Amino acid sequence: MRRHPAIAPGIWGVVAAIRRWPLAMPYLLGSLLLVLAPLALAAALAFTDYFGFRAPEFTGVANLARLAGDRTFWDAVGVSALVAVVVVPLRLLLAVGAALLLARRPGFDGRGATTAVGRTSAYLPSVIPDAAWALLWLWILNPLYGPLPALLGVLGVPDPGFLTTPWGARLGLVLVMAFQVGEAFIVALAARTAIPARLHEAIEVEGGSAWFAMTRVTLPLMAPIVLVLAVRDVVVVVQNAFVPALLVTGGGPANATLTAPLLIYRRAFEYGELGYASTLSVTLLVLTGIAAAFPLWLAARLAARQRTRA
Amino acid sequence: MSLRIEAAHKDFRARRGAHVVALDGVDLEARDGELLVVVGPSASGKSTLLRAVAGLESLDAGRVVIDDRDVTDVPAGRRDVALVFQEAALYPHQGVAANIGIGERARGSRRRAVETRVREVARTLDIEHLLERMPAELSGGERQRVALARVMIRSPKVCLLDEPLASVDAELRLRMRGEIRAVQRSLGVPMVHVTHDQVEAMAMGDRVAVMDAGRVLQCDTPAELYARPATTAVARIFGPLPMNLLPAAGGVVVGVRPERVRVCRAEDGAGGDAGDGGRAGSVVAVEPAGEECLARMLPDGTDADLLVRLAWADAPRVGDRVAVAWRPEDEHRFDAATGERR
């Protein structure tokens with residue numbers, strides 16, 4: 001069979017890739033069936049009315065027109081964005097900070113029991129199932145018997161009303177999502193450990209302070225990976241803020257913590273508007289993509305700049 | 001200015017298994033304006049010694065004295081010591097100019113002042129054209145020049161080099177040796193250069209310290225080390241080729257350098273018997289080395305082979321019967337039991 005690279009180079013590239021790497025097939029099939037196909041389906045449903053009982057009915061851009069005037073959705077996007085703006089830097093600070101503290105010079109004092117306990121503790125919150133984690137926080141934040149409001153009371157700090165006032169509930173949501181940083185911690189730890197010891201020793205011999213070494217050497221060298229973690233965290237926080245919002249705050253009070261995924265869930269499964277919910281989903285995906293694009297671009301640029309010979 | 005290391009001792013505790021003694025009572029001195037080369041096989045403790053002087057490694061016992069000041073417990077940054085690493089330790093996210101100036105910046109100099117100094121030093125070392133590049137765009141030799149510039153820009157009390165030419169190709173290594181000497185002369189401070197390369201040690205050192213298993217075996221001028229090695233270990237470690245060591249009568253080991261062995265072919269009439277001090281045997285291997293060649297022969301009745309360096313024109317063939325001999329004054333005599341020179 002003759003090839004027509006000018007007509008369909010992409011297709012022939014994929015065919016060649018599949019031929020060369022049969023081991024990639026399970027993964028390719030998996031992403032096709034579990035990610036790409038549902039995504040395509042959602043994108044198609046976004047232009048229909050669909051309630052799950054009858055076949056979807058094509059309605060053109062009607063859903064988009066409704067979306068443009070949907071205050072509730074844009075408010076929910078605002079809540080998601082607000083939470084992301086606070087939670088993502090907080091999560092990165094915790095993950096990178098823990099990685100810097102728990103990655104000492106190898107063979108020196110980086111293998112002791114203290115380090116092992118510290119590393120395990122940093123990872124542990126990510127092992128707890130999301131629902132259990134959410135219920136745990138529901139107890140911690142509870143205004144009647146929760147330990148955190150009680151502690152604040154003892155310290156004389158006014159209780160922000162974690163589950164009862166709009167800003168208190170948003171703060172509660174931030175707290176719930178801030179500590180599950182195990183994966184990011186491990187990636188940051190690997191990035192920190194990959195920096196050759198001599199780069200820090202050279203600064204030490206030159207008389208540079210620990211602060212100088214961290215700000216001029218450690219963090220700049222970790223920057224590309226931290227940016228990738230930021231992208232991942234934006235996705236995690238925006239798309240996965242669903243469980244804590246559903247179980248801890250229930251979107252309330254007064255829609256103060258009604259995040260975009262929770263709204264979409266309600267549209268789809270409480271109101272049964274599967275078509276319109278698809279429109280919202282795809283819109284949220286596009287918005288997240290836009291938010292993630294800049295840090296990804298910056299990460300690629302920085303990585304290319306500091307690429308060293310092997 | 002001077003550097004003294006007194007009775008330095010350092011153990012590394014392996015997690016499993018025995019201790020590793022990296023430094024076992026090392027005494028060493030580098031005088032003002034002197035280039036002291038520390039040479040030894042890998043894991044002989046030479047890098048640990050250098051790191052202990054820099055302050056990157058603590059000593060279990062002993063002292064490091066710089067300029068008559070005991071700095072054993074002084075942190076690395078306040079010892080006023082410059083160190084060039086084997087891999088140059090350049091920062092991949094910064095340009096060459098920033099890399100040269102990073103030490104000055106670390107010590108709190110202003111950006112403008114540092115930029116001016118960087119240009120001056122780059123001019124001296126003839127690397128001005130590299131200033132705008134990134135480290136990833138440099139060759140091995142260029143990287144080490146940048147590392148040298150980082151030393152030049154400050155005026156340290158002691159300058160330490162940890163195998164700086166190990167990752168530089170052979171031709172450039174020859175030139176870089178001269179450049180390092182020039183830097184050392186212009187700084188006028190004691191310089192300690194660690195290497196495993198004999199040729200480099202011989203060519204560069206004012207004095208050479210031969211290390212093995214955490215001890216300094218001998219420290220002297222290259223000529224003296226070559227002419228009168230103190231022990232059999234020095235005789236094998238130091239020199240362009242390891243010395244031949246042949247067991248002889250009376251608890252003595254006879255040493256003779258491969259380049260001082262003369263060959264007479266057995267058929268030439270010199271006979272299978274080479275007479276006093278000589279050996280007869282057959283050639284088991286011949287390695288060409290340009291104008292010269294290296295022959296390995298097995299003297300009759302022994303299993304310790306003998307290296308001979310001779311002109312390529314006189315190269316024997318494998319299997320040839322040869323007789324070798326040497327002048328009495330080229331013969332070194334060591335105690336068979338202690339390995340010390342007699």
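Me: At what angle do helix 2 of chain B and helix 4 of chain B pack?
Reply: Before the value, please note that this is a predicted model, in which local features need pLDDT of at least 70, side-chain atom pairs count only at pLDDT 80 or more, and totals for chains, interfaces and linings use all residues. Residues are numbered from 1 along each chain as its sequence is written, while chains are lettered from A and ligands numbered from 1 in the order in which they are written. Helices (H or I, at least four residues) and strands (E, at least two) are DSSP runs, numbered from the N terminus; axes are lines fitted to C-alpha atoms, for helices over the stretch in contact, and angles run from 0 to 180 degrees between N-to-C directions. The axes of helix 2 of chain B and helix 4 (residues 140–152) of chain B are 8 Å apart, and the packing angle is about 35°.

Me: Which residues of helix 4 of chain B make the contact with helix 2 of chain B?
Reply: Two residues are in contact if their C-beta atoms, placed from the backbone, lie within 7 Å. Helix 2 of chain B brings B:Val96, B:Asn99, B:Ile100 and B:Gly103. Facing them from helix 4 of chain B are B:Val146, B:Ala149 and B:Arg150.

Me: How many residues of that contact between helix 2 and helix 4 of chain B are nonpolar?
Reply: Let's set the classes first: Ala, Val, Leu, Ile, Met, Phe, Trp, Tyr, Cys and Pro count as nonpolar, Asp, Glu, Lys and Arg as charged, and the others, Gly among them, as polar. In this contact two residues are polar and one is charged. The number of nonpolar residues is four.

Me: How many residues of helix 4 of chain B are buried?
Reply: A residue is buried if 20 or more other C-beta atoms lie within 10 Å of its own, exposed if 12 or fewer, and partly exposed in between, with C-beta atoms placed from the backbone. The buried residues of this helix include B:Arg143, B:Leu148 and B:Met152, and what covers them includes strand 6, helix 2, helix 3 (111–124), strand 7 (158–162) and helix 5 (170–187) of chain B. Helix 4 of chain B is largely enclosed by the rest of the structure, because the buried count is 11 of the 13 residues.

Me: How far apart are the end C-alpha atoms of helix 4 of chain B?
Reply: The expected span of a helix is 1.5 Å times one less than its number of residues. For the 13 residues of helix 4 of chain B this should give 18 Å. The separation in the model agrees with that, at 19 Å.

Me: How many residues of chain B are in contact with chain A?
Reply: The elements of chain B that give two or more residues to this side are strand 6 (81–84) and helix 2 (96–106). By class, the side has 13 nonpolar, three polar and three charged residues. Chain A takes part with 19 residues, and the number from chain B is 19.

Me: Which residue takes a positive phi in the hairpin of strand 14 and strand 15 of chain B?
Reply: Strand 14 (residues 279–289) and strand 15 (residues 292–299) of chain B run antiparallel, joined by eight bridges. B:Ala289 has B:Glu292 as its bridge partner. The hairpin has two residues between the strands, and the one with a positive phi near 70° is B:Gly290.

Conventions: Pairing = 2+ DSSP bridges.
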